[in-house]
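Please look over the model below. My notes follow as numbered points.

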Amino acid sequence: MTWSIAEVARMSGVTSRTLRHYDEVGLLPPASVGTNGYRYYGESELLRLQRILVMRELGLGLVEIAAVLAEEVDQVDALRAHHLRLVAERDRLDTLARTVSRTIATLQDRKDDGMSTMQHPENLFEGFDAARYHDQASERWPQEAQQSQQFADTLTAQDQERLQREATALLVRLAALMAAGTPVGDPAVQAEVDTQYQGLCRMWTPNAAAFKALGQTYVTDPQWRAVYGQVADGLAEYQRDAMAAYADARLS
């Protein structure tokens with residue numbers, strides 16, 4: 001039995017345009033193509049699509065997904081591996097939920113006590129997978145995405161905690177500069193952005209477009225925007241604009 005591309009789109013929630021793109025890049029070829037040019041998918045293609053969507057949910061890019069699928073032989077073993085990843089992701093989301101809950105309590109206490117600064121800003125980022133967002137920004141540049149993953153694979157838990165502290169400290173310094181009304185092009189702000197950029201270069205080396213795209217992610221991604229908003233209103237936009245100014249001045 002086969003299903004048309006329209007039927008698969010309806011069942012899966014994936015647009016026909018995306019399904020055609022998956023075919024064009026060799027990720028999900030249809031079982032057959034009719035004389036009218038319509039694509040038709042069988043059971044094995046539906047199972048493959050499910051695995052693709054699972055890995056997309058886990059934050060993998062198309063290049064990484066293609067590599068994983070190329071190594072898969074047994075469907076049951078593949079699904080078991082994806083199940084383990086989903087369980088790990090569930091645990092991460094549980095940690096993220098506790099982080100947000102703790103942040104709510106912290107903000108309420110700060111409001112009640114009249115405090116102007118957060119006492120433990122490093123706790124804002126527990127449970128976040130920063131590499132996931134870097135991969136999203138660099139998906140259009142597969143080589144850079146691979147470099148980022150290779151770097152992430154070398155990190156110990158202590159390394160991850162250290163990088164998290166460094167990122168938090170930078171965020172707090174940027175918030176202070178924003179509160180002081182410092183323009184994003186000011187040398188003090190640009191020095192902080194340069195610190196961020198040099199840190200990114202340990203994972204991958206974004207060009208101007210990629211660095212701007214990453215800055216935009218902080219504004220458009222709901223999770224990151226919420227974190228920035230907890231530190232200071234408008235901080236996500238401030239960092240995005242500072243990163244854009246840096247890209248124009250240093251990376252173009």
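1. Which residues of α8 are buried? They are L163, T168, L170, L171, L174, A175 and L177. Buried here means under 20% relative accessible area, with exposed over 50% and partly exposed in between (1.4 Å probe, protein chains only).

2. This is a predicted model, in which local features need pLDDT of at least 70, side-chain atom pairs count only at pLDDT 80 or more, and totals for chains, interfaces and linings use all residues. Residues are numbered from 1 along each chain as its sequence is written, and side-chain values use heavy atoms, with hydrogens and water left out.

3. Helix α8 covers residues 157-179. Helices are DSSP runs (H or I, at least four residues), numbered from the N terminus. Just after α8, G181 has a positive phi of about 80 degrees.

4. There are 6 aromatic pairs in the structure. Rings of Phe, Tyr and Trp (its six-membered ring) pair if their centres lie within 6.5 Å; planes under 30 degrees apart are stacked, over 60 edge-to-face, and the rest tilted.

5. Y197 and Y246 make a tilted pair, 5.5 Å centre to centre with 45 degrees between the planes. This pair joins distant parts of the chain, from helix α9 (residues 187-200) to helix α12 (residues 235-251), 49 residues apart. Y197 is buried at 7% relative accessibility, and Y246 is buried at 2%. Ring pairs link Y197, F211 and Y246 into a cluster.

6. Y218 and W224 form an edge-to-face pair, 5.7 Å centre to centre and 70 degrees between the planes. Y218 counts as buried because its relative accessibility is 7%; W224, at 8%, is buried.

Definitions and conventions:
Helices (H or I, at least four residues) and strands (E, at least two) are DSSP runs, numbered from the N terminus. The expected span of a helix is 1.5 Å times one less than its number of residues.
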